[in-house]
Amino acid sequence: MKLCISFGKFELKYFFYCSLIFLLEICIYFFVYNDKNNIINKHCQLHTFCFFLGYLLNFIPTWISHIKTKEKEKEKPKINKLEEEDNNSIEYIYNKPYEEYLSLKDILKFFFLCLILLLADLIENTEDKIDGKDNVNENNNVHNNDKTNDKKNSDDFLFIEFLIFFLISKIGKEVYYKHQNISFFIIIILEGIKDIYFFIKKFYHSSSIIIIILNAIYSILYAIYYLYVKRLMKYKFISPAKCYFMIGIINTPIIIIMYFIISFIPLGNNESKYYYDNIFELFKNFGNIEAKSVIILIFLPFVYGILNYTLIKIIYDYTIFHMYIPFVIENFIENIVKNFGMFENIFLISSFLAELIIIFVFLEIIEINCCGLNKNLKR
């Protein structure tokens, strides 16, 4: 008798990717954001700089890949002239440097993609400022600008991204079968209920509507970003490391310029001026920086670089939906460290396990062998 539930295809490499992301998330939360006195938590633009510097550090795997390609070219045996012309034609089409085969339109799109990331970051930091201000005003009626920042890529409305991925792929005539359609709707319902519930728990104050709108826009922007990056790698043959390296080249200097600009723009009224962030205050704080903060400041860009590279490798090697498992793990860690009550923790763990099982069904890592749900499996 065939079991109702069986295991499908689950690659060890994908398990390694998810495990690595899990470990990096733990490190980020407990060694960086758990310490409110950390200099990174006091300066949101410094945090943003470290984040995009992580993108820029992808020049390391890009450089290693370039060296290996050159070594392979040297090791190629000599071939006759006709074969060499044919190979050069293939090389021209599939292995040209990105600056040669990206049109002006593609370059403008890519620059717009980088601006989307910057806008998403601005939205996230603005949300943190609003939430921090409202929470402090409710308790002390005093504005405090040192609110701990949430981690980049944290997403309170993950179901919006998943919904956009699914609908866009449907428009692109991607075929989904019974087990995927059913699991998709269950995921949307579960994730929607969980996200709304915990969002209300975290942001129940006067600016909740504004934060909900900002979170929705944030999710939409990141959905656009991931979809475009997927197309960039698939149709323009740009490697994951090179793609992130290019983003880092554009956004890192822009962040530095923006940091200086906002340092000259005070907010508030004449009686209570404050700054979105101030690079001159940052330089002053460097004089009293702790050794632990120095170590974190050095290693955080590398951690973000590895984390983002792993995420984009998942998109590159598998599908955009395979990112959902790392994101569910990330949201679970983010919420579990908030120290909610007993009921909330039980609800969080239960929803996490249920979502994990359902997304396994969607990705065909778990197969349901009843009610026709095992028909049209990829394997």
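Colleague: Let's start with I325. Which residues does I325 touch, leaving aside those up to four places away in sequence?

Modeller: This is a predicted model, and in it I325 touches Y14, C18, L356, I359, F360, L363 and I365, with residues up to four places away in sequence not counted.

Colleague: How do I read a nonpolar core, and which residues have the most contacts inside the largest one?

Modeller: The general idea: in soluble globular proteins, nonpolar side chains tend to be buried together. Here the largest nonpolar core has 94 residues, and I325 is one of those with the most contacts inside it, along with Y225, Y226 and F362. Helix α10, residues 208–235, supplies the largest share of this core, 12 residues.

Colleague: Take F302, in helix α13. Why does F302 count as partly exposed?

Modeller: Look at relative accessibility: buried is under 20% and exposed is over 50%, with partly exposed in between. F302 has 40%, so F302 counts as partly exposed.

Colleague: Now helix α8. How does its length check out?

Modeller: Go by 1.5 Å a residue: the 14 residues of α8 (158–171) should span 20 Å, and the end C-alpha atoms are 20 Å apart, so the two agree.

Colleague: Which residues of α8 are buried?

Modeller: They're L158, F159, I160, E161, F162, F165, F166 and S169. Just after α8, K173 takes a positive phi of about 65°.

Methods: Residues are numbered from 1 along each chain as its sequence is written. This is a predicted model: local features need pLDDT of at least 70, side-chain atom pairs count only at pLDDT 80 or more; totals for chains, interfaces and linings use all residues. Side-chain values use heavy atoms; hydrogens and water are left out. A nonpolar core is a set of buried Ala, Val, Leu, Ile, Met, Phe, Trp, Tyr and Cys residues joined through side-chain atoms within 4.5 Å. Buried means under 20% relative accessible area, exposed over 50%, partly exposed in between (1.4 Å probe, protein chains only). Helices (H or I, at least four residues) and strands (E, at least two) are DSSP runs, numbered from the N terminus. Contact means heavy atoms within 4.5 Å. The expected span of a helix is 1.5 Å times one less than its number of residues.
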